[in-house]
Amino acid sequence: MKKLTILSGAGISAESGIQTFRDGDGLWENHNVTDVASPEGWRKDRALVLEFYNQRRRQLHEVEPNEAHKLVAELEKYFEVQIITQNIDDLHERAGSTKILHIHGELFKSCSCNNKRLSYEQKGDINIGDKAEDGAQLRPFIVWFGEDVPLYQDAREIVKDSDILLVIGTSLQVYPAAGLIHDIKDDCLLIVINPNETGFGYGQRAVVMKETATQGMKLLFDKLINLA
């Protein structure tokens with residue numbers, strides 16, 4: 001089977017009602033992203049950071065995968081599919097996809113603030129005083145701005161071995177994830193679904209569909225199957 005890699009971003013989850021990470025003014029519910037998504041923000045106000053992600057986690061319990069997620073899962077019948085997602089939700093999993101690499105972390109996990117390898121399932125709130133087994137405060141299992149992306153090299157290896165790379169719902173403005181498209185093989189087919197696509201260094205190489213994730217997947221699905 002051909003190897004189809006899907007690189008997904010906030011646009012695919014937005015259609016399920018999950019807010020995109022940043023809007024036009026760079027704020028997230030009136031918080032500067034550095035206040036809630038950086039080591040500096042964590043050191044400054046742990047309670048604010050925990051409550052911010054507690055709200056995100058509560059919201060995630062209330063939303064469902066959309067048709068784009070479900071169509072992506074269907075592709076496993078025809079391809080060897082690997083998803084690399086920038087999203088921290090579990091909507092790909094709930095839609096039925098089986099191989100997902102969360103390069104920016106997972107909202108339904110927590111970890112020790114001293115050692116990310118001590119990680120735990122976290123479906124409810126994290127509160128001040130909740131401890132990991134090493135005695136350190138639990139924090140969201142999220143890769144914040146300014147932190148290393150430990151799974152990035154794994155993502156690069158997946159992309160390098162792909163026959164098709166399908167980019168859905170991301171304008172690839174955040175590095176290092178944005179650099180993944182430069183690792184594809186010369187004969188790899190690059191397809192981009194993004195209504196706000198602005199061009200991010202692939203030249204004329206990509207097949208670009210300026211559509212929402214769901215509409216783009218509906219238009220593309222049969223064409224992809226014909227390539228299997």
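In which sense do strands β9 and β10 pair, and over how many bridges? I keep in mind that I am reading a predicted model. I found that β9 (residues 164-168) pairs with β10 in the parallel sense, over five bridges. Within this pair, I noted Leu-165 opposite Leu-190 in β10.

Next I went to the other partner of interest. Strand β10 spans residues 189-193, and with β11 I see parallel pairing over three bridges. I looked up who faces whom here: Ile-191 is opposite Val-207 in β11, and Ile-193 is opposite Met-209 in β11.

Is β10 largely enclosed or open? I checked burial and got four of its five residues as buried, so the rest of the structure largely encloses this strand. For that check I took buried to mean under 20% relative accessible area.

I read it as open, with six strands in the order β5-β4-β1-β9-β10-β11 and parallel pairing. At its edges I find β5 (100-102) and β11 (207-209); each has a single partner strand, so one side of each lacks a neighbour in the sheet. On average, neighbouring strands of this sheet are turned by 15 degrees against each other, direction ignored.

A reminder to myself for browsing side chains: in a regular strand they alternate between the two faces of the sheet.

How values were computed. Residues numbered from 1 in each chain as written. Predicted model: local features only at pLDDT ≥ 70, side-chain atom pairs only at ≥ 80, totals over all residues. Heavy atoms only, no water. Pairing = 2+ DSSP bridges. Helix = DSSP H or I, 4+ residues; strand = E, 2+ residues; numbered from the N terminus. Axes fitted to C-alpha atoms, helices over the stretch in contact; angles between N-to-C directions. Buried < 20%, exposed > 50% of the residue type's maximum accessible area, 1.4 Å probe, protein only.
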